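Let's take a friendly look at how charged side chains pair up in a protein. Please have the sequence and the 3D view ready.

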Amino acid sequence: MARDLRGFIKILEQKGQLQRISALVDPELEIAEISNRMLQKGGPGLLFENVKGADFPVAVNLMGTVERICWAMNMQHPEELETLGKKLSMLQQPKPPKKISQAIDFGKVLFDVVKAKPGRDFFPACQQVVIQGDDLDLHKLPLIRPYVGDAGKIITLGLVITRDCETGTPNVGVYRLQLQSKNTMTVHWLSVRGGARHLRKAAERGKKLEVAIALGVDPLIIMAAATPIPVDLSEWLFAGLYGGSGVQLAKCKTVDLEVPADSEFVLEGTITPGEVLPDGPFGDHMGYYGGVEDSPLIRFECMTHRKNPIYLTTFSGRPPKEEAMMAIALNRIYTPILRQQVSEIVDFFLPMEALSYKAAIISIDKAYPGQARRAALAFWSALPQFTYTKFVIVVDKDINIRDPRQVVWAISSKVDPIRDVFILPNTPFDTLDFASEKIGLGGRMGIDATTKIPPETDHEWGAPLESDPDVATLVERRWAEYGLANLQLGEVDPNLFGYDMK
């Protein structure tokens, strides 16, 4: 299993999922254009070995498919991610075991937590080269500019590490940073994020906030940092739970923070409360350019890196993008946690085309009238990351929620818009969502696409059409006799039915 970026690159290369590019490429627009074409087709990860104006290679699209996300998590199939979600659900809301087997399972999870405790590396690879003072120049990093309308060059896959000045608890988040000068960058984070809370606390005490940016880490740690699950565990413990053993950490040179010891680069600096600069616009996950916001300014005083470091990056935009693949994997991890929060939910899915959080499809084991509406309302409040979900579609448990054709059929055949659609107006909303009439405030829609039972309807529901089981068995037995054995009736091509999916 990979425990650093280089190990993961090696795995991808061994599996034929890495393309090395030796031709000279420009980090201004060109790298993103090449990578975007690969992302659209599910192509391999890319390692640009000859980047204009830089001495370091650039890795991108390493997590561009769900399959590669699974490899990063030491798994082979997305379904295995639900096993990890079950562990986290047991930690989030522990229940007294009713059976010996349940007690044993919970004991195993607690043992996993003990194993996940981070360790300390006193001679870390990330500090093989140390650059401070006037020698520090962020322009030497091969930062990319993805879109022509972007305000500047950005860091996208850096772990932004801060510490609560009151409790000492660290926070690890993945936030966008914009290059402002040779030693400064602005950080773009939402006010509810951990880093923003730490900055407010530092401001109340008249202190600067120390910040470390770890670049080029094990993708598994990035997944842990991107998991906003309300469990009182640090992201380092999450990463240890994900990987099966503790993350090795190293003390920074100039700030009182810890970073993954095998990071390719580490930037160390401080934020003075109230010191801001305009940040943006940039292309974002909604598929549009965002606005310009005054954002906190980080002044960097030190950069360390490994010998011959590799710079890891990505970029946002309309799916498919790497962030969408990460969200699909996180969807699987959330599922057991959501089932524990909302017991009637059988499964749920956040389609990538709906930006991985704007629309949710939920299947329930329906037992009583009004249950679909209850499930939708419970979903919106179950976990913080569902706060900005605009649409919740609830279907019966026999609908494959990952097949859009089945979902559309359920909506079309089981929904009366007057009875089954409900809207919640003026709820807190994503400021990047331009569809809202007022930025930061918008409506939500719930759609009950389940089979109706009294008193939801005052007439009998039609019986579903099904094959006669005896005839179905007969046809199965005689299939070769019909001369049809050579026909492969596997996964159907949707384009045969009028779709235009390329």
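Which residues are linked in a network of salt bridges? They are D164, E166, K201, E204 and R205. A salt bridge here is a side-chain nitrogen of Lys or Arg within 4 Å of a carboxyl oxygen of Asp or Glu. By this rule, the count comes to 32 salt bridges.

This is a predicted model, where local features need pLDDT of at least 70 and side-chain atom pairs count only at pLDDT 80 or more, while totals for chains, interfaces and linings use all residues. Residues are numbered from 1 along each chain as its sequence is written, and side-chain values use heavy atoms, leaving out hydrogens and water.

| Salt bridge | N to O distance |
|---|---|
| R3 and D218 | 3.7 Å |
| E344 and R374 | 2.8 Å |
| R405 and D403 | 3.3 Å |

Start with R3 and D218, which link distant parts of the chain, 215 residues apart. R3 sits in the segment before α1 (5-14), and D218 in the loop between β11 (209-215) and α7 (219-225). Helices (H or I, at least four residues) and strands (E, at least two) are DSSP runs, numbered from the N terminus.

How accessible are the partners? Buried means under 20% relative accessible area, exposed over 50%, and partly exposed in between (1.4 Å probe, protein chains only). R3 is partly exposed at 28%, whereas D218 is buried at 2%.

Now for the second pair: E344 is buried at 8%, and R374 is partly exposed at 43%. E344 lies in the loop between α9 (322-341) and β17 (345-349) and R374 in helix α10 (residues 371-382), so their bridge ties together parts 30 residues apart in sequence.
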